[in-house]
Amino acid sequence: AKSATAPKEYKLMSLRGRKYDPERAAAKLPDLLAVIDEFSLLEMSPQLEKDIRTCKLRITGGKDALGRLIVNPRLRLHLPAERAATDFARMLAYLLFRARRADPDVQCRGICVLNDLSGIGTRNIDPRLFKLLTQSVLPRLPIRVCRICLFRPPWFFGRVLFPVIKTFLSKKLKSRMVVLSSSDATKLHAYFPPESLLPEYAGTLEFDEQAWAARVIAERCSR
């Protein structure tokens, strides 16, 4: 009943996210509505505002060669001792929901994740977060994750953490993962055009992260 009365925008979101397959879109719509309610995606809480201002998760507007939006987490800025896993999960869900509403191309083409793992230590690791993102957030949003690029992971990531993370991933998502251990940022150019990357990733894209964060907070999602 709730799906039947859902806003047309949400129905179209699900339809585009499932390649215009009506049956798959209808099956995904209840998940989208559940995520919106569970993570309060139509509200800007003080905690969400603080998390967005850290820029631990950025959406610069850059896209890959196929027009898929680049999402850029930086886990070195996430401290599980100070922030709950649900806080990070809500920030990701909120920013993806906002991006999907603002750009129909995101709904149709999906996203790529440029996961910057440089500088992370055990203080940044929270297994609950990976489980939450891979089982409760990303699978329930009608958005295709087309590539996950793990950039500059520390030595312990591949030996200890990555095998654990893979247990939470679907076979399809595992096939879309790329690990770039090299410190040479130009290696990213094999997956993302330089004009879509920030200078810290050997790119030319200009981006003011604090101005972006302020704009996201000011332009609150609403029904």
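Let's start with helix α9: its buried residues pack against α3, β1 (57-58) and α4. Buried means under 20% relative accessible area, with a 1.4 Å probe and protein chains only. Helices (H or I, at least four residues) and strands (E, at least two) are DSSP runs, numbered from the N terminus.

This is a predicted model: local features need pLDDT of at least 70, side-chain atom pairs count only at pLDDT 80 or more, and totals for chains, interfaces and linings use all residues. Residues are numbered from 1 along each chain as its sequence is written, and side-chain values use heavy atoms, without hydrogens and water.

Which residues of α9 are buried? They are Trp212, Ala213, Val216 and Ile217. Seen down the axis of α9, these fall within an arc of 130°, so they line one face of the helix. That arc is taken from the directions from the helix axis to the C-beta atoms.

Now α4, residues 85-102, with α9, residues 209-218. Their axes come within 12 Å and cross at roughly 80°. Axes are lines fitted to C-alpha atoms, for helices over the stretch in contact, and angles run from 0 to 180 degrees between N-to-C directions. The two helices are therefore roughly perpendicular, a label for 65 to 115 degrees. Tyr94, Leu95 and Arg98 in α4 meet Trp212, Arg215 and Val216 in α9. Contact means heavy atoms within 4.5 Å.

Next, α3, residues 46-54. The axes of α3 and α4 come within 10 Å and cross at roughly 80°. Here, Gln47, Leu48, Asp51 and Ile52 in α3 meet Asp87, Arg90, Met91, Tyr94 and Leu95 in α4.

Definitions and conventions
Parallel < 35°, antiparallel > 145°, perpendicular 65-115°, else oblique. Buried < 20%, exposed > 50% of the residue type's maximum accessible area, 1.4 Å probe, protein only.
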